[in-house]
Protein chains: 2
Amino acid sequence: MPREKTMTGASLQKLLVIELKDIYNAEQQMVKALPKMAKAAASDDLRTAFEEHLEQTKGHVERIEQAFRQLDLPARGKKCSAMEGLITEGKELIEEYEPDHVLDAGLIGAAQKVEHYEIAAYGTARTHAEILGHQGIVELLERTLEEEKQTNERLTELSVDVNSEAVAVG
Amino acid sequence: MPREKTMTGASLQKLLVIELKDIYNAEQQMVKALPKMAKAAASDDLRTAFEEHLEQTKGHVERIEQAFRQLDLPARGKKCSAMEGLITEGKELIEEYEPDHVLDAGLIGAAQKVEHYEIAAYGTARTHAEILGHQGIVELLERTLEEEKQTNERLTELSVDVNSEAVAVG
């Protein structure tokens with residue numbers, strides 16, 4: 001017997017709130033992880049990219065706080081297990097490798113996984129906010145989504161240099 | 001004093017092997033998770049998509065085994081913490097929601113995070129295999145990468161129907 005579907009608008013709203021809590025915690029985890037990734041980078045360009053992305057990420061945290069305000073909810077995170085796992089992978093690389101261009105190649109890979117995670121997370125939350133008619137939240141999420149995509153592209157560009165260094169025998 | 005960069009070709013090879021071990025384990029985790037996601041789906045189309053992706057994923061596992069054979073290495077995984085976290089998020093949704101179209105919307109979001117993770121992982125490993133001249137492995141990884149991208153697009157298409165159901169009051 002199919003379950004009654006009354007109140008599903010309210011349920012979708014609940015799903016959006018769970019998604020925002022997840023992203024909020026994920027971004028906070030990245031604020032802690034990015035300085036370590038920057039410190040481990042051998043390439044100046046990669047270090048700069050991580051440092052700049054850190055500043056951007058702090059802005060992403062603030063945007064999620066604005067989204068919570070628009071929903072009249074306190075800004076609260078919920079442990080994002082996926083981001084925890086993604087960051088663990090980066091940490092393992094840093095422990096395993098000396099700082100050099102091979103570690104940089106690995107760090108770029110780890111950071112791109114994070115960006116892809118965030119692109120999927122913001123894309124889904126934006127769609128749900130749109131269906132629910134939260135236009136202000138849609139705009140906040142879209143601005144961050146675009147920045148995550150740009151960061152991902154910048155990392156792809158950086159990987160070309162870093163990868164060619166990684167096979168050079170010096 | 002900069003560390004000497006001798007043998008970095010060998011180090012990049014080591015990084016590629018770590019990446020293959022990570023993906024191998026990630027795909028094996030998905031082989032276990034997808035039947036649960038299919039079972040939890042309310043929409044027939046979504047259930048079918050998960051079931052078909054399960055069959056595809058089994059093929060992805062075999063391709064990684066072929067890649068290991070080309071490197072004369074035993075096919076061995078290394079716990080992929082990121083995929084573990086991604087799957088945990090899907091499990092939490094299944095525990096939290098009754099099977100309905102809101103859960104489907106959440107499951108699609110969770111599955112798209114997985115696809116994005118895999119797209120980043122295969123993209124990075126393919127680039128490293130290419131630099132190292134492992135053309136056979138490049139082709140194996142690219143075939144899977146294309147399938148992951150197609151799955152992600154199919155999920156986006158499905159989300160349109162599922163999301164409109166999720167706000168319908170029936």
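Predicted model: local features only at pLDDT ≥ 70, side-chain atom pairs only at ≥ 80, totals over all residues.
Chain A and chain B bury about 4100 Å² between them, and the largest nonpolar core has 110 residues.

**Where the chains meet**
- In this pairing, 51 residues of chain B are in contact with 51 residues of chain A.
- Of the area buried between the two chains, 59% is on carbon and sulfur atoms.
- You'll find four salt bridges between chain B and chain A. B:Glu92 forms a salt bridge with A:Lys78, with the closest N and O atoms 2.8 Å apart.
- On chain B's side, helices H1 (8-40), H3 (81-96), H4 (101-131) and H5 (135-166) each supply at least two residues. H4(B) gives the most, with 16 residues.
- Sorted by class, that side of chain B has 22 nonpolar, 17 polar and twelve charged residues.

**The nonpolar core**
- Residues with the most contacts inside the largest core are Phe50, Met83 and Tyr117 from chain A, plus B:Phe50, B:Met83 and B:Tyr117.
- Take A:Phe50: leaving out residues up to four places away in sequence, it touches A:Leu34, A:Met37, A:Ala38, A:Ala41, A:Leu107, A:Ala111 and A:Leu155.

**A closer look at A:Thr151**
- A:Thr151 sits in helix H5 (residues 135-166) of chain A.
- This threonine counts as buried because its relative accessible area is 12%, and the cut-off for buried is under 20%.
- Its side chain makes a polar contact of 3.3 Å with the side chain of A:His53.
- Not counting residues up to four places away in sequence, A:Thr151 touches A:His53, A:Gln56 and A:Glu115.

Key:
Residues numbered from 1 in each chain as written. Chains lettered and ligands numbered in written order. Heavy atoms only, no water. Core = buried A, V, L, I, M, F, W, Y, C linked by side-chain atoms within 4.5 Å. Buried < 20%, exposed > 50% of the residue type's maximum accessible area, 1.4 Å probe, protein only. Contact = heavy atoms within 4.5 Å. Helix = DSSP H or I, 4+ residues; strand = E, 2+ residues; numbered from the N terminus. Polar contact = N/O pair within 3.5 Å; in protein donor to acceptor, adjacent residues only side chain to side chain. Buried area = accessible area lost by both parts, 1.4 Å probe. Salt bridge = Lys/Arg side-chain N within 4 Å of Asp/Glu carboxyl O. Nonpolar A, V, L, I, M, F, W, Y, C, P; charged D, E, K, R; others polar.
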